[in-house]
Amino acid sequence: MSGTGNYLTAVKAFPGRGVTISFLGVLVPTERSGPDRLTSPRAQPRTMTTDTFSELTPVGEIAAREPRTVGLLLEQGLDFCCGGNLPLAEACAAAGRDVSEVLELLRGSGSVAGAEGSWLGRDPAELMAHIVQRYHEPLRAELPRILEMAERVGSAHGERPGVAEILSQVRVFAEILPAHMDREEQELFVTGVAPESAAACMGALEEEHVEAGDGLKLLRKATDGFTLPAEWTCNTVRGLWAALEALERDLMEHIHLENNVLHPTLGGA
Ligand SMILES: [Fe+2]
Ligand SMILES: [Fe+2]
């Protein structure tokens with residue numbers, strides 16, 4: 001591991017306290033007041049900036065500026081993480097959606113309640129801590145549970161369409177995603193990383209994000225969009241399909257925050 005300190009270690013070392021850190025800087029524990037400042041985005045002004053989106057706005061920028069639109073983007077089948085650089089019009093064309101209708105829906109999404117504020121312009125160390133606590137740690141806990149369900153469905157329904165592909169992909173995720181997150185935490189989410197090392201690391205991580213995105217697409221296809229099979233549904237199939245749908249949303253949000261918000265602030269593309 002490069003660097004002089006690991007901010008995650010600092011977070012664990014000072015429970016109940018924040019860590020004042022500037023990226024590549026020194027860790028300084030600070031008193032925290034009010035809600036958990038490392039996990040709760042600051043309240044953002046509820047301006048209706050969705051009005052400023054156009055057909056040319058990259059999908060990742062839409063999700064970054066207005067995280068409350070993420071659910072809608074998912075519903076519309078628009079890739080806002082690995083394909084986040086595509087303008088909305090191109091992303092809609094790829095997903096077979098009418099861009100005018102999607103823009104109308106986006107502009108009407110301003111009333112969605114409870115969504116997180118934008119992470120744009122925030123301290124990268126704060127965002128890294130959020131990613132670890134909101135996405136990495138839950139995913140590490142969830143993957144063995146998903147793998148166990150997939151193995152059981154594979155044993156009981158292995159001859160059914162899509163089941164072999166689902167099991168194979170879940171095994172791949174269970175093997176590669178923990179290693180990917182370890183690498184992020186050990187090589188990028190640390191202080192003192194040389195800019196050229198950070199850039200190389202982010203390039204490699206983004207390639208792995210593309211592979212993960214392809215795996216999610218495979219799972220969506222193999223489950224027919226997480227539609228329960230009419231003839232052979234059982235409780236384990238129900239649980240697995242629900243877990244895979246939740247995995248899709250969480251992993252897309254997770255990759256989006258890294259590719260489109262965090263990496264650019266650290267000098268990435
Ligand atoms: Fe991550
Ligand atoms: Fe990642």
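**Stop 1: the core**

Begin with Val59, Phe80, Met128, Ala150 and Leu240, the residues with the most contacts inside the largest nonpolar core, which has 57 residues. A nonpolar core is here a set of buried Ala, Val, Leu, Ile, Met, Phe, Trp, Tyr and Cys residues joined through C-beta atoms within 7 Å. A residue is buried if 20 or more other C-beta atoms lie within 10 Å of its own, exposed if 12 or fewer, and partly exposed in between, with C-beta atoms placed from the backbone. Next, colour the elements that give two or more residues to this core: α2 (59–65), α3 (70–75), α4 (88–95), α5 (99–107), α6 (124–157), α7 (163–188), α8 (195–222) and α9 (235–265). The helices (H or I, at least four residues) and strands (E, at least two) are DSSP runs, numbered from the N terminus. The most is given by α9, with 11 residues. Domain 1 (49–111) and domain 2 (124–265) both contribute residues, so the core lies between them; the domain bounds come from an automatic or database domain assignment. In soluble globular proteins, nonpolar side chains tend to be buried together.

Two residues are in contact if their C-beta atoms, placed from the backbone, lie within 7 Å.

**A note on the model**

This is a predicted model, in which local features need pLDDT of at least 70 and side-chain atom pairs count only at pLDDT 80 or more, while totals for chains, interfaces and linings use all residues. Residues are numbered from 1 along each chain as its sequence is written, and chains are lettered from A and ligands numbered from 1 in the order in which they are written.

Colour by pLDDT, the predictor's confidence in each residue, from 0 to 100. The protein averages 82, and 77% of the residues score at least 70. Confidence is highest in α7, at 98, and lowest in strand β2 (residues 28–31), at a mean of 32. Over residues 1–48 pLDDT stays under 50, and the model has 80 contacts beyond four places in sequence for them. Residues 111–115 also stay under 50, with three such contacts.

**Stop 2: the whole chain**

Switch to a cartoon of the protein, which has nine helices and two strands. From the N terminus on, the elements run α-β-β-α-α-α-α-α-α-α-α. Of the 269 residues, 33% count as buried. Among contacts between residues at least 6 apart in sequence, 71% join residues at least 24 apart.

**Stop 3**

Which residues of α4 are buried? Select Leu88, Ala91 and Cys92. They cover an arc of only 100° around the axis, which puts them on the same side of α4; the arc is that of the directions from the helix axis to the C-beta atoms. The buried residues of α4 pack against α2 and α5. After α4 comes Gly96, with a positive phi near 70°.

In α5, select the buried residues Val102, Leu103 and Leu106. Seen down the axis of α5, they fall within an arc of 100°, so they line one face of the helix. The buried residues of α5 pack against α2, α3 and α4. Turn to the face away from this buried side to find the exposed residues Ser100, Glu101 and Glu104.

**Stop 4: Leu56 and Arg65**

Leu56 is in the loop between β2 and α2 and counts as exposed, with 9 C-beta neighbours inside 10 Å. Not counting residues up to four places away in sequence, Leu56 touches Pro87 and Ala89. The C-alpha atoms of Leu56 and Leu86, 30 residues apart along the chain, are separated by 8.5 Å.

Move on to Arg65 in helix α2, which counts as partly exposed with 18 C-beta neighbours inside 10 Å. Its C-alpha atom is separated by 8.4 Å from that of Gly117, 52 residues apart along the chain.

**Stop 5: the loop between α8 and α9**

Most residues other than glycine have a negative phi. Asp224, in the loop between α8 and α9, has a positive phi near 55°. With 12 C-beta neighbours inside 10 Å, Asp224 counts as exposed. Phe226 lies in the loop between α8 and α9 and has a positive phi near 65°. Phe226 is partly exposed, with 16 other C-beta atoms within 10 Å.
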